[in-house]
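Take a moment to look over the chain below. Then follow the text from one part to the next.

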Amino acid sequence: MRIGMVTREWPPDVYGGAGVHVEHLAAALRALPDGPELEVHCFGGPRDDATGHAVPAGLTDANGALQALGVDVEIAGALAGADLVHSHTWYANGAGLFASLVHGTPHVVTAHSLEPRRPWKADQLGGGYRLSSWVERTAYLAADGVIAVSHGMRDDVLDAYPDLDPARVHVVGNGVDAEAYRPVHDPDVVRSLGVDPDRPYALFVGRITRQKGVVHLLRAAEQLPADAGLVLCAGAADTPAERQQVADAVAELQSRRDGVVWIEAMLPREQLVPLITGATVFVVPSVYEPLGIVNLEAAACGTAVVASAVGGIPEVVADGRTGLLVPYDPDDVATFEAGLAARVTELLHDPGRAARMGAAGRERVLAEFGWPAIAKQTVEVYAAVLGGRATAQR
């Protein structure tokens with residue numbers, strides 16, 4: 001079985017959960033005994049373990065969505081001969097769609113997020129968002145199979161695209177590398193990042209985008225205990241305006257309390273893991289999240305999680321056992337922010353309870369979220385799609 005996997009992100013250019021997913025899934029598929037032959041096609045320059053595709057010369061000054069489709073056309077041309085194409089995010093869905101139409105290749109999409117669930121992108125991208133939405137919808141409706149990363153995500157997919165046959169939508173969860181993400185206590189690394197390792201702190205890790213709810217966390221921080229720290233490991237802003245909004249909010253918060261640290265970077269793992277391990281509580285204030293790999297990464301590091309109860313997060317954070325969930329109502333964000341502050345404060349005031357939750361999260365990761373099992377489930381979807389296509393052609 002020859003699989004063509006298509007992704008925008010591939011090491012070293014990984015900046016979000018979808019990129020992390022593809023990197024680890026590909027490694028797990030390649031490690032399977034008698035697993036599929038896998039070729040990875042990604043955006044960007046040459047790679048040792050994937051084929052990179054640059055933006056065509058004639059589109060270097062075009063809208064970003066048009067650039068993505070230009071790359072997709074080139075990738076589709078390179079996918080001739082694949083038995084099945086598996087694409088991740090709308091950026092790559094076009095390549096899978098085009099390969100399916102031109103070569104007759106079965107196409108599987110993994111749903112990491114949905115354009116209709118991120119309406120704020122219309123303000124940011126204008127016509128680019130209209131194009132990305134069209135690509136995603138067309139690819140999903142034409143796909144031979146859709147993999148949702150959680151049951152909540154499956155519900156969202158069928159709600160957003162009601163014409164999609166539910167039998168084509170499978171659930172295969174996200175995973176985490178529990179060896180790469182494990183408890184590493186290294187106060188010197190934490191201190192080198194400007195964070196006091198002897199002071200209890202709450203930690204956020206993620207991109208600066210409305211989806212991640214950073215602004216809600218900064219407002220909630222006004223209600224956190226004065227002796228607690230707040231660390232934001234936040235970079236890769238969607239827009240300069242969003243970056244400035246966070247910068248202004250951080251500066252204002254820092255003017256009123258100490259212990260607020262903003263690390264404006266996506267840290268390498270050797271720094272990130274000790275930072276997560278050293279936190280009393282890891283905070284995920286997302287307003288939309290199909291699953292949220294960061295929840296798994298924090299749990300794997302043995303850190304308790306306080307997260308919004310949206311999308312697939314309740315399938316990862318066991319409320320009261322591995323962390324605490326906070327209901328999110330877009331029409332009442334003040335209550336959400338107060339709830340975030342209250343739940344984070346609970347654990348900051350009871351570090352023993354937080355530690356027990358972190359240990360339970362680590363145990364759950366080891367039992368339920370390993371990449372080898374996820375790779376096997378993914379191959380089962382491939383086999384079902386190929387078997388269904390063969391049956392239909394008889």
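**A walk through the helices**

Start with helix 1. Among its residues, A18, G19, V20, H21, V22, H24, L25, A26, A28 and L29 are all buried. Keep in mind that this is a predicted model. Helix 1 covers residues 17-31, which makes 15 residues. From its first C-alpha to its last, helix 1 reaches 21 Å. That is close to the 21 Å expected at 1.5 Å a residue.

Now jump to helix 12, residues 333-349. At 1.5 Å a residue, the 17 residues of helix 12 should span 24 Å. The end C-alpha atoms of helix 12 are 24 Å apart, so the two values agree.

Which residues of helix 12 are buried? They are F336, E337, G339, L340, A341, V344, T345, L347 and L348. Strand 8 (201-207), strand 11 (281-284), strand 12 (304-308) and strand 13 (323-326) are among them. Helix 8 (214-220) and helix 13 also pack against the buried residues of helix 12.

Look at helix 13 next, residues 351-368. How are helix 12 and helix 13 arranged relative to each other? They pack at an angle of about 100°, and their axes are 5 Å apart. An angle of 65 to 115 degrees counts as roughly perpendicular. Helix 12 and helix 13 are therefore roughly perpendicular to each other. On the helix 12 side, E346, L347, L348 and H349 make the contact. On the helix 13 side, they meet P351, R353, A354 and M357. By class, this contact of helix 12 with helix 13 has 5 nonpolar, 1 polar and 2 charged residues.

The loop between strand 8 and helix 8 holds K212. Is K212 buried or exposed? K212 is buried, because its relative accessible area is 15% and buried means under 20%. Neighbours within four places in sequence aside, K212 is in contact with F204, R207, P285, S286 and E289. Take E289 as an example. K212 and E289 are 77 residues apart in sequence. In space, their C-alpha atoms are 8.0 Å apart.

Finish with the cysteines. A disulfide is a covalent bond between the sulfur atoms of two cysteines. How many disulfides does a search of the whole structure find? The search finds 0. C233 shows why: the closest cysteine sulfur to its own is in C301, 12 Å away, too far for a bond. C233 is also buried, with a relative accessible area of 1%. C42 is buried too, at 0%.

Methods
Residues are numbered from 1 along each chain as its sequence is written. This is a predicted model: local features need pLDDT of at least 70, side-chain atom pairs count only at pLDDT 80 or more; totals for chains, interfaces and linings use all residues. Side-chain values use heavy atoms; hydrogens and water are left out. Axes are lines fitted to C-alpha atoms, for helices over the stretch in contact, and angles run from 0 to 180 degrees between N-to-C directions. Helices (H or I, at least four residues) and strands (E, at least two) are DSSP runs, numbered from the N terminus. Angles under 35 degrees count as roughly parallel, over 145 as roughly antiparallel, 65 to 115 as roughly perpendicular and the rest as oblique. Contact means heavy atoms within 4.5 Å. Ala, Val, Leu, Ile, Met, Phe, Trp, Tyr, Cys and Pro count as nonpolar, Asp, Glu, Lys and Arg as charged, and the others, Gly among them, as polar. The expected span of a helix is 1.5 Å times one less than its number of residues. Buried means under 20% relative accessible area, exposed over 50%, partly exposed in between (1.4 Å probe, protein chains only). A disulfide is a pair of cysteine sulfur atoms within 2.5 Å.
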